[in-house]
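Here are my notes on the model you sent over.

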Amino acid sequence: MAEEQSTRQSQRLQRNKVLKEQRRRNPFWEARWAWGRIKGRAGNLYGNNPQYATVEVRMTRDEFLAWAIPAYTEWYRTHPAENPSIDRIESDKHYESGNLQLLTLSENSLKTKRLKNVYAPPGQAWCTIHKAYLPKDQFYKSDRQRYGVTTECRECVKLKTAQRHSLTFIKRGRRGRRSPRLITYLGKSQTVTQWSVEMNIGQQALFSRLNNGWDVERALTTPMRPKRKLA
Ligand SMILES: [Zn+2]
């Protein structure tokens, strides 16, 4: 019984997922979802984002849909690959008619005041380590960053990389795989494993002898204790 129920439940979830996928980029549905998101965000109803505590929705659902459905339709016609996000043209104002537009997510987040680069003087960019505006040519170009340059200037990027490498150097001896320990005895250097074969001593035994502080000669020349035979 319980099994049957869970099968039915998972079937329903699966169906909802498919349904949602089919409704993607459909202006009718996207506009409705957007309305739900706005209602949830404004006034910080769910406590997710205090920035929205003072933002209000000053339009009815019908007014919103009357704007949104044509707007989404137009968007999907002109932006085959990008999904829009709803922007308040003047961010001091509320969700109200005349103050809404669709933007790509990256355009929209560029408007955020906390992004220093949005308010950068022309030709300059913000270095998050220097905490200052520097000429843009002191930065590496980056397609992954919204402003087209890395978040730190070249100097800081280099410094950080060097620091990271020196940390690995201290920790691991060198980057990547640790080099094997070489044991020198009678003028010959080889790894512990090679010695264990040559001297007919178990590899584990040899490792633990050396790790327990035996000197090289004693570790290599002491014969193995014969294994106790079971009677
Ligand atoms: Zn810097």
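1. The axes of α2 (residues 27-41) and α3 (residues 61-78) come within 8 Å and cross at roughly 130 degrees, so the two helices are oblique to each other. Axes here are lines fitted to C-alpha atoms, for helices over the stretch in contact, with angles running from 0 to 180 degrees between N-to-C directions.

2. Before going further, note that this is a predicted model: local features need pLDDT of at least 70 and side-chain atom pairs count only at pLDDT 80 or more, while totals for chains, interfaces and linings use all residues. Numbering starts from 1 along each chain as its sequence is written.

3. The overall inventory is 8 helices and 8 strands in the protein chain; these are DSSP runs numbered from the N terminus (helices H or I, at least four residues; strands E, at least two). Of the 231 residues, 10% count as buried, meaning 20 or more other C-beta atoms within 10 Å of a residue's own, with 12 or fewer for exposed, partly exposed in between, and C-beta atoms placed from the backbone.

4. A contact here is two C-beta atoms, placed from the backbone, within 7 Å.

5. Which residues make up the largest nonpolar core? Ala31, Ala34, Ile38, Met59, Phe64, Ala68, Tyr72, Ile86 and Tyr95, 9 in all. A core of this kind is a set of buried Ala, Val, Leu, Ile, Met, Phe, Trp, Tyr and Cys residues joined through C-beta atoms within 7 Å. Both α2 and α3 supply at least two residues of it each. Apart from this core lies another, of 6 residues, Ala125, Trp126, Phe139 and Cys153 among them.

6. Ala68 deserves a click. It sits in α3 and is buried, with 25 other C-beta atoms within 10 Å. Leaving out residues up to four places away in sequence, Ala68 touches Ala31 and Ala34. By the same rule, Ile86 touches Ala34, Ile38, Leu100 and Leu102.

Technical notes
Parallel < 35°, antiparallel > 145°, perpendicular 65-115°, else oblique.
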